[in-house]
Amino acid sequence: MKKILQNFWTTTLAPSNWQKQLNTRIGFFWWLIILFTMKTILAYGADFEWLHVQDPLQVFLMLANPIGFTVLIFSLALFIRPKVLYYGALILIDLILTMLLYLNVVYFREFSDFMSVNTILGYSAVNQGSKVAGSIAFGVHDILFWLDIIIILALFIIRKIRFSDKHVPKLVPLAMTSLGLFICAVNLLLADIDRPQLLTRQFDREYMVKYLGIGPFTIYDGINTYKTNQIRKSATPEELQSVKEYVKEHHADANAKYYGIAKNKNVIVIHLESFQQFVIGKKINGQEITPFLNSLVNEQGTISFDNFFHQVGQGKTSDAENMLETSTFGLPQGSLFSKIGENQTFQAMPAILNQRAGYSSAVFHGNNGTFYQRNVVYKRMGYQNFIDSSYFDISGVKATGWGLKDKLLFNDSVPYLEKLQQPFYAKFLTVTNHTPYNLDKIDRDPNFQTTNSGSKLVDNYFLTNHYLDQSLKEFFTYLKKSGLYKNSMVVMYGDHYGISNTDNKYLAGVLGKNSNEWTDLDNTNLQRVPFIVHIPNYKGGHVNHTYGGEIDVAPTVEHLLGISTQRYMQLGQDLLSDQHQQLVAFRNKDFITPDLAVISGKIWNTKTGQVVDGSDEKTAKRVAKLQKQVNQKLAISDNLNQKNLLRFYTPEGFKAVQSDKYDYAQQTTLNRLNRINKSLGSKSTSVFSKNGNRSTLSQYVTDAPEAEDEEGDTTRIKPRNPDDWSAE
């Protein structure tokens with residue numbers, strides 16, 4: 001071993017060898033690649049928090065992704081033969097890539113995010129680029145990003161490195177370019193194995209950098225930005241007219257029986273991750289999977305919809321959020337939040353409720369704020385507060401791969417929820433019921449036994465369903481104890497399916513069906529997700545069988561609050577309206593109605609479950625008419641969003657959202673909430689103020705084992721940063 005190390009030193013690492021290698025064109029080329037790769041890995045570890053890698057493959061990809069791209073870009077200089085231009089090109093490429101890397105380092109320190117092309121070019125709608133320029137945070141290791149360039153230039157000046165006259169062999173440039181492309185291709189293949197649809201769905205900038213690197217992310221973002229800008233350049237105000245006409249023609253007037261029954265109440269939206277409707281009321285092994293939700297659905301104060309379908313595309317959860325907030329669809333490909341959200345004009349519920357009825361607003365989510373670009377999109381929607389994973393203790397077993405566990409999320413959110421001025425609009429995004437549904441043994445109910453379906457994923461799904469149900473029960477108990485319950489409307493909805501079509505064959509037996517007889521219509525029927533509206537003290541609760549989807553949530557909620565929707569460009573219809581059309585359009589242009597469905601080109605009778613003969617003239621005409629309506633609705637939505645047509649339209653009494661005034665940093669949020677409560681004094685409407693400026697956290701009781709404190713008490717969880725009213 002000693003001889004091996006000595007040989008490695010004398011042939012490679014010894015200063016004399018460095019100088020020899022640096023004085024050859026190919027040697028200089030490789031040293032720049034090695035040094036830049038080391039700088040990139042330095043940034044990953046010292047500034048990007050190792051990109052929150054979770055498995056060995058992610059570690060490998062993170063360490064390897066700088067190599068392929070760096071070899072590819074630097075290899076372009078190898079095609080240059082004049083020595084001055086050759087060395088100048090290599091140093092210029094190094095400077096540009098180092099500048100890109102360093103700008104992202106500085107930006108990440110301020111915003112825990114990576115720079116988009118819009119931000120780099122200086123016209124980010126949220127003015128984040130200017131914020132960075134005014135508040136650069138330097139690190140003690142920052143010199144290391146530039147030290148190699150400084151030393152190399154100095155070595156040229158003192159002539160320790162000289163320009164080599166010897167050209168690179170003719171086939172080497174092509175070989176190096178091919179090598180770079182090959183490494184990048186293998187990198188992308190492995191990334192897609194670990195995170196399918198990485199490029200098409202664009203989950204998160206951090207995911208893109210973790211799997212592909214800063215350079216590929218920037219190039220990909222640049223391509224998308226260019227495409228989006230080209231589409232939007234062609235847009236004209238006149239194009240909005242067709243949208244206005246469509247919305248006016250398809251508007252469903254509010255039902256007077258329900259209009260305003262929740263006026264001025266808080267709105268608490270609970271996003272039930274991957275939760276499907278068939279679970280409600282379902283028993284396995286003689287046990288209810290969701291006993292709390294089952295009881296809630298049957299209460300007098302609850303209106304629930306059992307024919308409510310998700311309508312998401314590739315954007316999945318973010319598509320569901322977009323439909324909830326804006327009553328427009330996601331994009332045909334990718335996530336609207338990720339692809340165009342940064343510069344999108346939204347007229348979303350947080351802003352509408354604030355401007356029409358004085359609502360404050362907040363989102364609570366135990367995942368990274370950058371996921372699906374929520375930290376940017378929420379500001380543009382008008383959310384005043386975004387409480388993400390940075391606010392919580394997600395160490396150890398407190399979190400899954402998707403964020404803070406649900407029981408802890410609800411409890412740890414209390415110090416912020418209780419400070420919101422009422423009425424408020426608050427959204428909770430749960431994550432524990434997310435594929436692959438791996439629930440730690442300590443979180444499982446020992447009295448609840450799941451199925452033995454032959455699929456671990458299906459069996460685990462019921463375990464996480466049950467856990468989510470327990471989390472909701474604990475949260476409702478807190479709402480009642482704290483006094484928030486009586487003045488709140490709680491809206492719960494499922495964002496998308498939990499069990500995919502490929503796994504439904506294992507689910508068939510649980511549902512009492514033969515897997516061999518399972519059809520596409522059965523798959524479609526399982527796309528039902530819960531939509532539950534609970535209004536305490538309301539006596540007209542019932543199970544509503546109207547067919548509808550996520551596009552219909554916003555107008556339904558707004559009408560319940562007594563807010564007219566006629567002035568907004570919303571494509572959904574109030575589910576409680578007598579004028580609601582029971583045609584559910586899916587993102588892939590399939591559709592379903594109470595008696596007919598079109599799925600992958602086949603026509604089905606939804607009542608009998610049988611395929612319908614499409615050659616029948618009456619049926620064919622009806623299908624053609626419905627298909628035309630579906631296509632038109634999706635096209636209107638795509639035109640509205642992709643061309644950002646809302647920038648040409650200001651509804652009566654609506655002011656454009658000023659996203660740059662929102663700051664989601666934890667201390668800023670705490671200071672702001674405290675300041676508002678203090679300044680209002682006796683006029684403050686927060687539950688914190690009404691509790692004598694004392695926290696209501698002690699009123700939250702949970703059986704989460706992760707919540708155990710120093711004394712072994714599991715009835716309360718201590719937030720990561722317990723707020724002290726007197727500390728400000």
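**Close-up 1. An eight-strand open sheet with mixed pairing, in the order S7-S6-S10-S1-S11-S12-S4-S13.** Keep in mind that this is a predicted model. S7 and strand S13 (542-544) sit at the edges with a single partner strand each, so one side of each is left without a neighbour in the sheet. Going from one strand to the next, the twist averages 15 degrees. Helix H15 (residues 316-326) packs on the sheet and touches strand S1 (266-272), S10 and strand S11 (488-494). The direction of H15 makes about 165 degrees with that of S10.

**Close-up 2. Strand S4 (residues 302-305) alongside strand S12 (residues 531-534).** Here the two strands pair in the antiparallel sense, over four bridges.

**Close-up 3. Strand S6 (residues 360-365), a mostly covered strand.** Six of the six residues in S6 are buried. In a regular strand, side chains alternate between the two faces of the sheet. In S6, Ser 360, Ala 362 and Phe 364 point one way, while Ser 361, Val 363 and His 365 point the other way, and all are buried. What joins S6 to strand S10 (residues 424-429)? Six bridges do, and the two strands run parallel; Phe 364 has Phe 428 as its bridge partner in S10. S6 also runs parallel to strand S7 (residues 385-387), joined by three bridges, and Ala 362 stands opposite Asn 385 in S7.

**Close-up 4. Arg 374, in helix H18 (residues 374-381).** Is Arg 374 buried or exposed? With a relative accessible area of 2%, Arg 374 counts as buried, because the cut-off for that is under 20%. Leave aside the neighbours within four places in sequence, and Arg 374 is in contact with Thr 317, Glu 321, Phe 337, His 365, Gly 369, Phe 386 and Leu 429.

**Close-up 5. Helix H3 (residues 25-46) packed with helix H8 (residues 144-157).** The axes are 9 Å apart and the packing angle is about 160 degrees, which makes H3 roughly antiparallel to H8. From H3, the residues in the contact are Phe 28, Leu 32, Leu 35, Lys 39, Leu 42 and Ala 43; they meet Leu 144, Phe 145, Asp 148, Ile 149, Ile 152 and Phe 156 of H8. Sorted by class, that contact has ten nonpolar, no polar and two charged residues.

**Close-up 6. Helix H13 (residues 240-250) crossing helix H25 (residues 617-642).** These axes come within 10 Å and cross at roughly 135 degrees, so H13 and H25 are oblique to each other. The crossing of H13 past H25 is left-handed. On the H13 side you'll find Leu 240, Ser 242, Val 243, Tyr 246 and His 250, meeting Gln 632, Lys 633, Ile 636 and Leu 640 in H25. The class count for this contact is five nonpolar, three polar and one charged residues.

**Close-up 7. An open sheet of five strands, ordered S15-S16-S17-S18-S19, with antiparallel pairing.** Strand S15 (584-585) and strand S19 (610-611) are at the edges, each with a single partner strand, so one side of each is left without a neighbour in the sheet. Strand S17 (residues 596-599) and strand S18 (residues 602-605) pair over four bridges, and Ile 599 stands opposite Lys 602 in S18. H25 packs on this sheet too, touching S15, strand S16 (591-592), S17 and S18, and its direction makes about 65 degrees with that of S17.

Notes
Residues are numbered from 1 along each chain as its sequence is written. This is a predicted model: local features need pLDDT of at least 70, side-chain atom pairs count only at pLDDT 80 or more; totals for chains, interfaces and linings use all residues. Side-chain values use heavy atoms; hydrogens and water are left out. Axes are lines fitted to C-alpha atoms, for helices over the stretch in contact, and angles run from 0 to 180 degrees between N-to-C directions. Angles under 35 degrees count as roughly parallel, over 145 as roughly antiparallel, 65 to 115 as roughly perpendicular and the rest as oblique. A crossing is left-handed if the near helix is turned anticlockwise from the far one by less than a right angle, and right-handed if clockwise. Contact means heavy atoms within 4.5 Å. Ala, Val, Leu, Ile, Met, Phe, Trp, Tyr, Cys and Pro count as nonpolar, Asp, Glu, Lys and Arg as charged, and the others, Gly among them, as polar. Two strands pair if DSSP finds at least two bridges between them. Buried means under 20% relative accessible area, exposed over 50%, partly exposed in between (1.4 Å probe, protein chains only).
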